[in-house]
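Reader: Could you take me through this model feature by feature, giving the general idea before the particular case?

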Amino acid sequence: MSTVVIQPTGISAADVLTVARGTAKVVLDPAAVEAMATSRSIVDGIEAAGRPVYGVSTGFGALANTFVAPERRAELQHALIRSHAAGVGAPMPREVVRAMMLLRVRSLALGRSGVRPLVAEALIDLLNHEITPWVPEHGSLGASGDLAPLAHCALVLLGEGWVLGPTGGRIPAADALHRVGLKPIELAAKEGLALINGTDGMLGMLLLAIHDARHLFAMADVTAALAIEAMLGSERPFLPELHAIRPHPGQAASAANIHRLLQNSQVMDSHRDDLAHAVQDAYSMRCAPQVAGAARDTLDFVETVSARELRSVVDNPVVLPDGRVESTGNFHGAPLGFAADFLAIAAAEVGAIAERRVDRLLDVARNRELPAFLSPDAGVNSGLMIAQYTAAGIVAENRRLAAPASVDSLPTSGMQEDHVSMGWAATKKLRTVLDNLTSVLAVELLAAVRGLQLRAPLAPSPAGRAAVAALGGVAGEPGPDVFLAPVMEAARAVLAGPDLRAAIEREVGPLA
């Protein structure tokens, strides 16, 4: 079992993936414990001096000018968590909540939040004991960060609220803590606010999305190449010299992938010198690297933004080493919201161009002598006709989801928080777009495999052979119609998993 060590300098994106999607243990580096203790001593000094400081001796948001007596400041922190745990809706997935908790520990461990080390250790205990708070999907505006989702996590530390049960239902947090021998904690001044102020939910979802998008964009090159091969397309538009004259790095990488995937194919050899062959392929074939490559460049930008955020102090107020406690706007999720919306647009377009290739593969007037809807007995049988309907419906949904959330600010908290980021909504819908893209690419994979099977006895490329082998057990050979939904689910699993890409890379080398 792997271990992730939280340093006072932060963690990596790989650490977040390891904890969110696995069972890696989390520990605090002694230097992080020292950084938090030093930060806490500054807050203790402020309390002793009786100075008015936001979140330490005052209320929150529009109540920032309301002084709170020393004897009620612990009560203030507990009340804050209870009142802010106001989300509704279905629970967020386990991986999102675990990413969010780990990132909150990361934030506290930077030593700018003024909390005792035991608060961070209590969150780590939840992670290490596989206790996942029930965090409703609705509640965050990305203002002061992800207040409601983080409050639902913090509430569990108090022995209140709900956690995800083993079958997906919710159970009382107190029962879950008792079962593993953990005790609720009591919060001191500033600690409740430090537990909920930050961009951890949206950053966690963005990091998960980046990882998934990186795989999907590579697989989009695979499905495009297989579809082009099945439609007797040309490999010439993917020659490297044609992309060197328009030096977008993502475009060059995508074109290189597609060109390499089309080599050593009897299907491609069969028409390379045919004078009757089309002079130019359709845009959905010829321009595949221009679209997928632009998506790759967008992803690189988003990855840069997330890497900066992983190094950032996003709490409010922050405790500076010289003893000052200053209010900031660093919790505002605009950088992440913009990035998520941008990536959603790119991912939606990768799916849109893939669906156009599917439609072309199925159309007897355009698929270059393949049977209608890729059925050897079209008429009695419908082949993959309705699979393309499904892909088209998903593309339409992704177009709606590509509308940006980050421009849709609503004022809250008595106009104190009068411009919010909607970063939670942006990152949440990005994950939906990517999930939908997986399904669209799976339809293209299935259609391309069926097309290559129908080109027999010509042998496909090594990538084509790997794809036919991967789907052969469920898709079978071209023939009478079958119950298609299980076949499509299997194609989706193949596309989302690592095995097909690994099999292809064993034949053609690493894909970019």
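Predicted model: local features only at pLDDT ≥ 70, side-chain atom pairs only at ≥ 80, totals over all residues.

Reader: Into which domains is the protein chain divided, and how many Å separate their centres?

Author: The chain is divided into domain 1, residues 2–197, and domain 2, residues 205–508. Taken over C-alpha atoms, the centres of domain 1 and domain 2 are separated by 36 Å, and the contact takes 45 residues from domain 1 and 35 residues from domain 2.

Reader: What area is buried between domain 1 and domain 2, and how many salt bridges are counted there?

Author: About 3,200 Å² is buried between domain 1 and domain 2, with carbon and sulfur atoms giving 63% of that area. The count between the two domains is four salt bridges, and that between domain 1 and domain 2 for residue pairs in polar contact, both at pLDDT 80 or more, is 18. On the side of domain 1 that touches domain 2, at least two residues each are supplied by helix H1 (13–20), helix H2 (30–49), H4, E4 and helix H8 (191–196), and H4 gives the most, with seven residues.

Reader: Which side chain meets that of Glu-95 in a salt bridge?

Author: The side chain of Arg-431 meets that of Glu-95 in a salt bridge, at 3.0 Å from N to O.

Reader: How should I read helix H4, and how many of its residues are buried?

Author: The general idea is that an α-helix has 3.6 residues a turn, so residues three or four places apart point the same way. In this model H4 covers residues 94–109, and its 16 residues reach 23 Å from the first C-alpha to the last, close to the 22 Å expected at 1.5 Å a residue. H4 is mostly covered, with 15 of its 16 residues buried, and just after H4 the residue Gly-111 takes a positive phi of about 75°.

Reader: Is Val-135 buried or exposed, and where does it lie?

Author: The general idea is to compare relative accessible area with a cut-off, since buried means under 20%. Val-135 counts as buried because its relative accessibility is 0%, although it lies in a loop, the one between helix H5 (117–128) and strand E4 (136–138). Leaving aside neighbours within four places in sequence, Val-135 is in contact with residues including Ala-90, Met-92, Val-97, Met-100 and His-152.

Reader: Why does Glu-444 count as buried, and which residues does Glu-444 touch?

Author: Glu-444 counts as buried because its relative accessible area is 0%, and it lies in helix H17, residues 423–454. Not counting residues up to four places away in sequence, Glu-444 touches Thr-223, Ala-224, Ala-227, Ala-354, Arg-357 and Val-358.

Reader: Where is Ser-144 placed, and what is the phi of Ser-144?

Author: Ser-144 is placed in the loop between E4 and helix H6 (147–157), and has a positive phi of about 55° although it is not a glycine. Ser-144 is buried, with a relative accessible area of 8%. Glu-369 also has a positive phi, of about 75°, and is not a glycine, but at 77% relative accessibility Glu-369 counts as exposed.

Reader: Which residue does a cis peptide bond join to Ala-456?

Author: A cis peptide bond joins Ala-456 to Pro-457, with omega about 15°, and Pro-457 lies in the loop between H17 and helix H18 (462–475). The peptide bond from Asn-316 to Pro-317 is cis, with omega near -10°, and Pro-317 is placed in the loop between helix H14 (288–310) and strand E7 (318–319).

How values were computed. Residues numbered from 1 in each chain as written. Heavy atoms only, no water. Helix = DSSP H or I, 4+ residues; strand = E, 2+ residues; numbered from the N terminus. Buried < 20%, exposed > 50% of the residue type's maximum accessible area, 1.4 Å probe, protein only. Contact = heavy atoms within 4.5 Å. Expected span 1.5 Å × (residues − 1). Domains from an automatic or database assignment. Buried area = accessible area lost by both parts, 1.4 Å probe. Polar contact = N/O pair within 3.5 Å; in protein donor to acceptor, adjacent residues only side chain to side chain.
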